[in-house]
Amino acid sequence: MNIEIRKLTLEDYADLKESMLQAYDSMGGSIWPKSSIAKLLNIFPEGQLCIAVDDKVVACSLSIIVEYDEYGDRHTYKLITGDYSFTTHDPNGDTLYGIEIFVHPEFRGLRLGRRLYEARKELCESLNLKSIIAGGRIPGYHQYAQTLSPRQYIDKVKSKEIYDPTLTFQISNDFHVRKVLKNYLPGDKESKEYATLIEWNNIYYQGLDASARSAMTIRLGLVQWQMRLFPDMESFYEQVEFFVDAVSGYKSDFVMFPELFNTPLLQPYNHLPEIEAMRKLAEKTEEIVAKMHEYALSYNINIITGSMPLLDGGKLYNASYLCHRTGKIDEFRKIHITPNEQKYYGMVGGDKVQVFDTDCGKVGILICYDVEFPELSRIYSDQGMQILFVPFLTDTQNGYTRVRHCAQARAIENECYVAIAGCVGNLPKVNNMDIQFAQSAVFTPSDFAFPTNAIKAEATPNTEMVLLADVDLHLLDELHHYGTVKILKDRRTDLYQTKLLK
């Protein structure tokens, strides 16, 4: 047996047609006509690959190049292919879009699909494209559609509880799911017309010009959350998902919610003392974190979950979670508890101070009052922190002013970016949560490479909105070595030190 991977030619069409008919028998045997293959070979010959076994084509992948921002994550197969005419192909685009990949059923034990995926990756790298994106069928879904939503099905495939012949294969080839698409491929009864928007990132991609976002540029999305009552948990989740979806749509790497943003859910417990009501709310935390973990995976975004009450060993903590888009979950418990948190809720402080490694560098989390204690962020800085996230909740402007100015100081003294996000509005029917004041913002160090006021972006005060900002980690490296002043390097560690005691 001789296996050869090569560029497709029009002379291969007879074999190609036979393989397509067999591969898509369950979909009515729909195939690409010869004229479509001819057009693809004319506009983008290097993107059309095939595998021949003993000189017979038995597997194929078809691709085009698109400027992905023109279509976004909500596109359909018909839209992205220009109504199947491939007029959407753009030689100057940034993304290799996979429009077809299949293997003749008789040859599926030879791992030919893996070879095609590897060839696509090599093509993506050689053309200096950002990523490979495709809409993937989930042909096993029809067997579970009565009991599982598409996202639940995808999660079970990811955790290997369910085997899906397409998605399982894609995940094993280093693709991740960005989003679930509806009505992607009409007529795909096995997938119930759902599809996964899958992506493989080219880590060697280099921007074409100085204005392009580099691999060191991280996009932050901050949710300035309006406090409102929710009739049920589903309504709450809809609001959370709305913001995750919106921020993800702008290709943000992180989205952050404020401190205790879920306290509108306290309303059913108003008849209880505050300390008991907050413990009842803590019973929902595990469920909420699981849901946000699901959103992080399905929307391909790292989520700072704001903070929520956490009951552990009979003690009540104020905890924040970092739900990585890779599937990992990290936890941070507020170290410094305010007098009101102690008095009304009986909260206690955590005892772990550490930065978290993400796919976008090292980040730290401090919750509100914590940022007013400079020792914590200095310890983070010694651990390599590049971005500090501070979810906060302040009722009055003077409380907000403390958080804001301390956060700005932390950015300057630790040569890092600091992002703060808070709640706005009123909750007249929730005890001890009646008024809020916030202006979310992203702060920078203060030197020539950064804004003169050391403010990268800031929201409108007391208005529900999303704040988006790009931060360049490369500028931090330059600051450390060539800044007007070098705060971290010039510390007198021979005279004083800041260190953890446990």
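Helices are DSSP runs of H or I with at least four residues, numbered from the N terminus. The legends below describe close-up views of a predicted model.

View 1. Val247 is placed in helix H7, which covers residues 233-249. Because buried means under 20% relative accessible area, Val247, at 0% relative accessibility, counts as buried. Leaving aside residues up to four places away in sequence, Val247 is in contact with Gly221, Ser252, Phe254, Val255, Ile301, Val466 and Leu468. One of these partners, Ile301, lies 54 residues from Val247 along the chain, with 8.7 Å between the two C-alpha atoms.

View 2. Ser131 belongs to strand S5 and, with a relative accessible area of 3%, is buried. The side chain of Ser131 is joined to that of Glu199 by a polar contact of 3.4 Å. When residues up to four places away in sequence are not counted, Ser131 touches Asp94, Thr95, Leu96 and Cys124, and also Glu199, Trp200, Asn201 and Asn202.

**View 3. The second largest pocket and its lining.** The second largest pocket holds about 1200 Å³ of space and is lined by 44 residues, among which Tyr24, Ile101, Phe102, Arg137 and Thr166 lie nearest its centre. Two or more lining residues come from each of helix H1 (13-23), strand S4 (95-103), helix H4 (112-126), strand S5 (131-137) and helix H6 (167-172), and S4 gives the largest share, six residues. By residue class, the lining of this pocket comprises 25 nonpolar, twelve polar and seven charged residues.

Methods
Residues are numbered from 1 along each chain as its sequence is written. This is a predicted model: local features need pLDDT of at least 70, side-chain atom pairs count only at pLDDT 80 or more; totals for chains, interfaces and linings use all residues. Side-chain values use heavy atoms; hydrogens and water are left out. On a 1 Å grid over the protein atoms alone, a cavity is a set of points where a 1.4 Å probe fits but cannot get out, and a pocket is an open set with protein on both sides within 12 Å along at least five of seven lines; lining residues have an atom within 4 Å of a point. Grid points are joined across faces, edges and corners, and a volume is the space filled by probe spheres set on the points. Ala, Val, Leu, Ile, Met, Phe, Trp, Tyr, Cys and Pro count as nonpolar, Asp, Glu, Lys and Arg as charged, and the others, Gly among them, as polar. Buried means under 20% relative accessible area, exposed over 50%, partly exposed in between (1.4 Å probe, protein chains only). Contact means heavy atoms within 4.5 Å. A polar contact is a pair of N or O atoms within 3.5 Å; within protein, one must be able to donate a hydrogen and the other to accept it, and residues adjacent in sequence count only if both atoms are side-chain atoms.
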